[in-house]
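Subject: A structure for you to explore

Hi there,

Here is the structure I promised to send you. Have a look at it first, and then read on for what turned up in it.

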Amino acid sequence: PRVATQADEATDPMPPVPTPQCVLVVDDNPLAREMLRGMTQAWGWSTETAAGGAQALDMIRARLSEGVFPFDVICLDWQMPQMDGWETVRRIRALCRNGQRPRIVMLSAGGRDTLQFRTAQEQSLIDGFLLKPVMAQALKDAALGQLRAIDPLARGARSSQRPLAGMRILVVEDNLINQQVAEELLHFEGAVVSLAANGLLGVEAVASSQPPFDVVLMDIQMPVLDGYDATRRIRQQLGLTALPIVAMTANAMASDRVACLTAGMNEHVGKPFEMRHLVTLLLKLTGREGAPIETFALARPSFSLASPDTGGAASIRSGFTSVYVNIDVALERLSGLTSLYLGIAREYIDLLDRVEGEFCTAAAAGDIRALVVQTHSLKGVSATLGAQRLSDHAAQLEKLFRVPPDGLALMGPLPGLLELVALTRAAMKDAVQMLSVATEIEQVAERLPSGPEQRASARSFLMELSGLLAASNLEVLESFALRRHALDALPPQSVEELQLAIQSLNLDRARWLCDAQLNSLQSD
């Protein structure tokens with residue numbers, strides 16, 4: 001099969017495909033699911049939806065058990081938690097044999113060059129590839145096999161220079177924020193990253209992956225099956241004694257490293273990652289020690305404002321570091337990827353909103369194991385975001401709950417924890433707002449001179465986009481795709497950030513960006 005594209009390269013026509021009778025849309029974003037279902041139903045196609053890869057597989061198994069052809073077409077999002085699009089499509093192909101091959105169209109909010117990190121065998125599993133926001137006609141053409149094709153495996157010099165270029169890495173991690181951080185950072189270094197949400201899914205992924213993974217990054221504390229037992233199964237049941245497995249844990253004690261090595265792991269790294277050390281270790285374990293590592297993210301400086309001439313930007317910058325949150329330290333760990341930090345920081349704030357309920361429930365029930373898991377997770381994620389004081393406090397509570405003294409009242413430590421959580425949450429909200437504003441100031445400072453007509457065109461289109469976003473009107477996807485050129489007066493980074501927000505259907509964020517750019521244009 002060919003990989004379909006929205007490009008216009010001329011190639012031989014593809015053979016006609018029968019009109020689909022039943023379509024499955026798989027996307028973890030509810031707005032995206034409804035938009036795609038609306039498109040396909042408008043063409044008279046029967047459409048079902050799934051919120052993730054696991055649900056999609058269950059639906060396919062149910063149809064197969066009833067002797068029904070699974071689905072004619074499956075529209076599948078690439079970026080999904082727990083099981084991404086590539087792992088989902090691999091499992092779909094394993095289920096659907098003996099001529100039962102649905103057409104699978106992969107959808108991605110990332111650039112098309114991300115395909116170059118997938119092997120030819122992986123790309124042969126899909127029949128189409130479309131960038132979000134998806135145009136209705138392009139989706140229909142892909143489903144019917146009428147798009148022209150290009151060679152997505154063509155690799156430029158830039159991608160081949162990344163230190164982990166083409167390295168297939170499985171990250172076994174149950175925390176969604178840690179998943180996102182690991183995937184983004186490793187992908188930025190050129191790796192092909194797959195995710196598994198617990199040890200059992202990790203073992204299954206290793207057993208069935210073709211081609212095999214080059215290395216596994218294995219969290220220790222996970223539900224269903226922890227990292228130690230998952231590693232033992234990979235070594236003993238699967239017989240994969242040479243596969244490099246690296247333990248990931250927020251615990252840095254020597255005894256933890258010994259336990260990891262005893263279970264069969266090759267090395268042990270702490271969380272949050274120190275990327276230079278991790279990349280060097282991965283190159284060593286996979287026999288690539290001679291590869292250059294002074295490239296891209298590893299050589300990328302942490303966030304800094306363009307110059308002191310940006311007025312109040314310097315004073316905003318000085319407010320990034322507080323006793324509760326240190327953005328500079330976190331950005332250094334995240335290779336200076338400001339957009340990544342802002343994304344996971346917002347998820348972290350939501351996580352802190354849930355801490356009181358989750359901890360109080362576990363303490364009231366006397367569930368010490370749950371308290372250990374919760375404090376361990378809070379410790380690691382807080383350190384990643386630069387909330388070191390909360391991370392240290394969570395680490396102390398984790399030790400307390402692991403070996404609780406006789407007569408420990410589990411509710412006793414919670415008031416101190418919850419007070420620190422509230423202070424950290426407030427500091428994080430302020431820091432995110434300051435970082436967002438400073439980023440906008442930097443972008444305005446870097447703006448290229450533009451004429452009054454270009455600025456007027458940008459203002460007009462931003463007002464139109466803002467209105468569509470305020471009404472949660474998904475026509476904003478097609479409008480932006482058709483008229484993006486109207487924003488040529490804006491800094492390219494601003495347009496890309498707005499595009500990402502619209503494509504991911506983060507409508508509130510997209511509207512905020514529109515309004516921020518409108519304000520900057522009106523102040524010119």
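**Two helices side by side**

Let's start with helix H19 (residues 452–470) and helix H20 (residues 475–483): their axes come within 9 Å and cross at roughly 160°. Angles over 145 degrees count as roughly antiparallel, and that makes H19 roughly antiparallel to H20. The crossing of these two helices, H19 and H20, is left-handed. On the H19 side, the contact is made by Phe-461, Glu-464, Leu-465, Leu-468 and Leu-469. H20 contributes Glu-475, Val-476, Ser-479, Phe-480 and Arg-483. Sorted by class, this contact of H19 with H20 has 6 nonpolar, 1 polar and 3 charged residues.

Please keep in mind that this is a predicted model.

Now compare helix H8 (residues 199–208) with helix H9 (residues 227–237). How do their axes cross? They come within 8 Å and cross at roughly 20°. Angles under 35 degrees count as roughly parallel, so H8 is roughly parallel to H9. The crossing of H8 and H9 is right-handed. Gly-199, Leu-200, Val-203 and Val-206 of H8 make the contact with Ala-230, Arg-233 and Ile-234 of H9. The residues of this contact of H8 with H9 divide into 5 nonpolar, 1 polar and 1 charged.

**The whole chain**

Stepping back, the protein chain has 22 helices and 10 strands. Buried residues make up 52% of its 524 residues. Among contacts in the chain with a separation of 6 or more, 72% come from residues 24 or more positions apart.

You can follow one of the pairings yourself: strand E1 (residues 22–26) is joined to E2 by 5 bridges, and the two run parallel. Leu-24 stands opposite Glu-48 in E2.

**Another open sheet**

There is also an open sheet of 5 strands in the order E7-E6-E8-E9-E10, with parallel pairing. Here strand E7 (192–196) and strand E10 (267–270) stand at the edges with a single partner strand each, so one side of each has no neighbour in the sheet. Neighbouring strands of this sheet are turned by 25° against each other on average, direction ignored.

Met-248 has Val-269 in E10 as its bridge partner. E8 and E9 also pair in the parallel sense, over 4 bridges, and Val-216 has Ile-245 in E9 as its bridge partner.

Is E9 enclosed or open? 5 of the 5 residues of E9 are buried, so the strand is largely enclosed by the rest of the structure. Both of its faces are covered: Ile-245, Ala-247 and Thr-249 are buried on one side, and Val-246 and Met-248 on the other.

Finally, find helix H16 (residues 368–384), where Thr-375 lies. Thr-375 has a relative accessible area of 1%, so it is buried. Leaving out residues up to four places away in sequence, Thr-375 touches Phe-359, Ala-394, Leu-397, Glu-398 and Phe-401.

Ala-383 is in helix H16 as well. It is buried, with a relative accessible area of 5%. Apart from its neighbours within four places in sequence, Ala-383 is in contact with Pro-272, Arg-333, Gln-388 and Ser-391. Ala-383 and Val-325 are 58 residues apart in sequence and, C-alpha to C-alpha, 9.5 Å apart in space.

Enjoy exploring!

Best wishes

Key: Residues numbered from 1 in each chain as written. Predicted model: local features only at pLDDT ≥ 70, side-chain atom pairs only at ≥ 80, totals over all residues. Heavy atoms only, no water. Buried < 20%, exposed > 50% of the residue type's maximum accessible area, 1.4 Å probe, protein only. Contact = heavy atoms within 4.5 Å. Axes fitted to C-alpha atoms, helices over the stretch in contact; angles between N-to-C directions. Parallel < 35°, antiparallel > 145°, perpendicular 65-115°, else oblique. Left-handed = near helix turned anticlockwise from the far one by under 90°. Nonpolar A, V, L, I, M, F, W, Y, C, P; charged D, E, K, R; others polar. Pairing = 2+ DSSP bridges.
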